[in-house]
Protein chains: 2
Amino acid sequence: MSASSERITIRDVAAAAGVSKGAVSLAFNHKPGVSDATRERIFAAARQLGWAPNSSARSLSRQAVDTVGLAICRPARLLGLEPFYMEFISGIESVLAEHNCSLLLRLVGSLEEEIRLQETWWRERQTAGSVLVDFRRDDPRIAPLRELGLPAVAVGHPSLTGGFASVWTDDATAVTEAVRYLAALGHRRIAHVGGPAGLGHSAIRVTAFERTMKELGLGGGLHVETGFSGEDGARATRSLLLSADRPTAIVYDNDLMAVAGLGVAAEMGVPVPDELSLLAWDDSQLCRLTHPTLSAMSHDVHAFGAQVARVLFDVIAGRDVASHPVATPSLVPRASTAPPRT
Amino acid sequence: MSASSERITIRDVAAAAGVSKGAVSLAFNHKPGVSDATRERIFAAARQLGWAPNSSARSLSRQAVDTVGLAICRPARLLGLEPFYMEFISGIESVLAEHNCSLLLRLVGSLEEEIRLQETWWRERQTAGSVLVDFRRDDPRIAPLRELGLPAVAVGHPSLTGGFASVWTDDATAVTEAVRYLAALGHRRIAHVGGPAGLGHSAIRVTAFERTMKELGLGGGLHVETGFSGEDGARATRSLLLSADRPTAIVYDNDLMAVAGLGVAAEMGVPVPDELSLLAWDDSQLCRLTHPTLSAMSHDVHAFGAQVARVLFDVIAGRDVASHPVATPSLVPRASTAPPRT
């Protein structure tokens, strides 16, 4: 803030425009009582003086929340290609729009950068609160952002999110259902193509996969770690189909990788579902557009994003909120899963 | 703004924290010279009083641009399913991140709502400028936003964007190349599955499609208007494949619809490319994941978004910028196009 920012006040704007302070207030609050010509004169004076109403004071006095923040620590290109994030953000936006509120979106290169950004947003009152995503085990954001008093909702299992109000899906239960279903169809060699091990929810899914396979007496199961991209899904599928103990069923951690897996099976002449069953995750529109259509662990990602936004408004309003599980992903069998023919 | 917002100044915060005004300034500008304990005391005092530095004055004094706006007038769900928009946004974000700048994103229900929102953002200095998208013919946003003096970059052909600096791809030339390529392969019955006629760039593509078909002596060509969703693409493809003069080649206006078209062809037992050639648009990762892989009119949507952000920074800085064509989408032939067998 410059020296001028403390000197220029609403009085200066009113004087420059030749109106009362009340008129300036009406104009900036978009209320009736000033003519269009006067409003224009007031805005011109404010622009010339470099004055604007103090957003935080305005927001406090109005009891309105007009901006919330979301920082994502993933490469920009990956964000654009991942159906999950787009649907999630569109769900958040659907609730924000009802509240006349905008989303401040920022890609960051590291969690340390996110911490600094969240501090700036909050201390300068650019945002009324934030959505925190992609929790790691022992996530470094928790301590500094709790200390800051940032109103926030955490997307992730309460075991990862350190006391923030959290919204989460029960991934462990869903993975167990997926594996038990494939085993019930008769599959014994089941593989899992998962996300980066550093992400908390990826780790939860791998653990549940390996535990369920053991419970079923099927060994630990084959697991491949990926970066979530379609190319990663194609590469993992090729490698699994070339392995000595080729699986007869593969569970993918998102649907883009499952679409890629279907393409690889066709390319290698492995008929789906006769010789290979494929099960996708998230179930965006993609799963219904392929042939055969993809069976999936389905959840409503748009509704998930909407619920996250609702909980954030509760947190900002100071209402007591804790952990919010949303519906567990459920199995939607389509044409890509069947009993193994062998 | 309340009465209190004009009364509380940096002096009050300094007094409450027992420090000088300079110390408050250092703390809020994240500069050295105040201890951590003092900084915390200053922030606590500011929070208690409801004071924050005036963002616009701060931004003017720093000569920094920290937020730009983007309003999108499409249903939230559609946004989540359209690969184009998230790649475009991720391209914008990649340049904003270099400038330490965030994107204020808002879904709006109408262009009138967007006009009011842009006015508020700009007059209250919440944003330093905006990206304007999805231009209609005689777009109602042009006059009010030009009058407002909003620094903006328009995504669309200069014939649509009314004097705003514009960034655009030459869709007419790309459509002409697509149709001429299919005709060169020997196709005579070529169909076009396009977007909503109300969108300026959809209209430009339809006109170019019909003109090229006539120039080649192939009649006006079959055209189906859609809403861009995968389901729309599936429906349009089914209807075309059931028609009396079934086309042997289809050009789609995005890649999600082309993926759906490939699924419908498989479902109806129409071999691609032997009996049907499919040509996608935009060429996200999806086109390389299907089997057969999809030929596409390819452009780098991420780079397109990045260029839009660069031009916006030029506009905000007052540099003279006009129309910026980016690379024309170019044909990437893959396995879904071939001469017709009949």
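Q: Which residues do ring pairs link into a cluster?
A: Rings whose centres lie within 6.5 Å count as a pair. In this predicted model, such pairs join Phe84(A), Tyr85(A), Phe88(A) and Phe304(A) into a cluster. Over all chains, the structure holds eight aromatic pairs.

Q: How do I read the geometry of Phe84(A) and Tyr85(A)?
A: Look at the distance between the ring centres and at the angle between the planes; an angle over 60 degrees counts as edge-to-face. Here the centres of Phe84(A) and Tyr85(A) are 5.6 Å apart and the planes stand at 85°, so this pair is edge-to-face. Phe84(A) and Tyr85(A) are both buried.

Q: What kind of aromatic pair do Phe88(A) and Phe304(A) form?
A: Theirs is a tilted pair, with 55° between the planes and 5.8 Å from centre to centre. The pair links distant parts of the chain: Phe88(A) belongs to helix H7 of chain A and Phe304(A) to helix H14 (residues 301-316) of chain A, 216 residues apart. Both Phe88(A) and Phe304(A) are buried.

Q: Where does the charged end of Arg125(A) sit?
A: For this feature, check where the charge is placed relative to the ring centre. The charged end of Arg125(A) is over the ring of Trp122(A), 5.5 Å from its centre.

Q: Which residues have the most contacts inside the largest nonpolar core?
A: Think of a core as buried nonpolar residues joined through their side chains. The largest one has 70 residues, and those with the most contacts inside it are Phe88(A), Val131(A), Phe88(B) and Val131(B). Another core, of 56 residues, lies apart from it, with Ala191(B) and Tyr252(B) among its members.

Q: What is Val131(B) in contact with, leaving aside neighbours within four places in sequence?
A: Its contacts include Gly69(B), Leu70(B), Phe88(B), Ile92(B), Val153(B) and Leu312(B).

Q: What is the order of strands in the open sheet of twelve?
A: The order is S11(A)-S5(A)-S4(A)-S3(A)-S1(A)-S2(A)-S2(B)-S1(B)-S3(B)-S4(B)-S5(B)-S11(B), and the pairing is mixed. Strand S11 (323-325) of chain A and strand S11 (323-325) of chain B stand at the edges with a single partner strand each, so one side of each has no neighbour in the sheet. On average, neighbouring strands are turned by 25° against each other, direction ignored.

Q: How many bridges join S3 and S4 of chain B?
A: Three bridges join strand S3 (residues 130-132) to strand S4 (residues 152-155), and these two run parallel. Within the pair, Ser130(B) stands opposite Ala152(B).

Q: Which strands does helix H8 of chain A lie across?
A: Helix H8 (residues 111-123) lies across S1, S2 and S3 of chain A together with S2 of chain B, and runs at about 170° to S1(A).

Q: Which kind of peptide bond joins Val272(A) and Pro273(A), cis or trans?
A: Most peptide bonds are trans. The bond joining Val272(A) and Pro273(A) is cis, with omega about 10°. In chain B, the bond from Val272(B) to Pro273(B) is also cis, with omega near 5°.

Q: What is phi of Phe228(A), and where is this residue found?
A: Most residues other than glycine have a negative phi. Phe228(A) has a positive value, near 85°. It is found in the loop between strand S7 (222-225) and helix H12 (230-242) of chain A. With a relative accessible area of 6%, Phe228(A) is buried.

Technical notes:
Residues are numbered from 1 along each chain as its sequence is written. Chains are lettered from A and ligands numbered from 1 in the order in which they are written. This is a predicted model: local features need pLDDT of at least 70, side-chain atom pairs count only at pLDDT 80 or more; totals for chains, interfaces and linings use all residues. Side-chain values use heavy atoms; hydrogens and water are left out. Two strands pair if DSSP finds at least two bridges between them. Helices (H or I, at least four residues) and strands (E, at least two) are DSSP runs, numbered from the N terminus. Axes are lines fitted to C-alpha atoms, for helices over the stretch in contact, and angles run from 0 to 180 degrees between N-to-C directions. Contact means heavy atoms within 4.5 Å. Rings of Phe, Tyr and Trp (its six-membered ring) pair if their centres lie within 6.5 Å; planes under 30 degrees apart count as stacked, over 60 as edge-to-face and the rest as tilted. Buried means under 20% relative accessible area, exposed over 50%, partly exposed in between (1.4 Å probe, protein chains only). A charge sits over a ring if NZ of Lys or CZ of Arg is within 6 Å of the ring centre and within 35 degrees of the ring normal. A nonpolar core is a set of buried Ala, Val, Leu, Ile, Met, Phe, Trp, Tyr and Cys residues joined through side-chain atoms within 4.5 Å.
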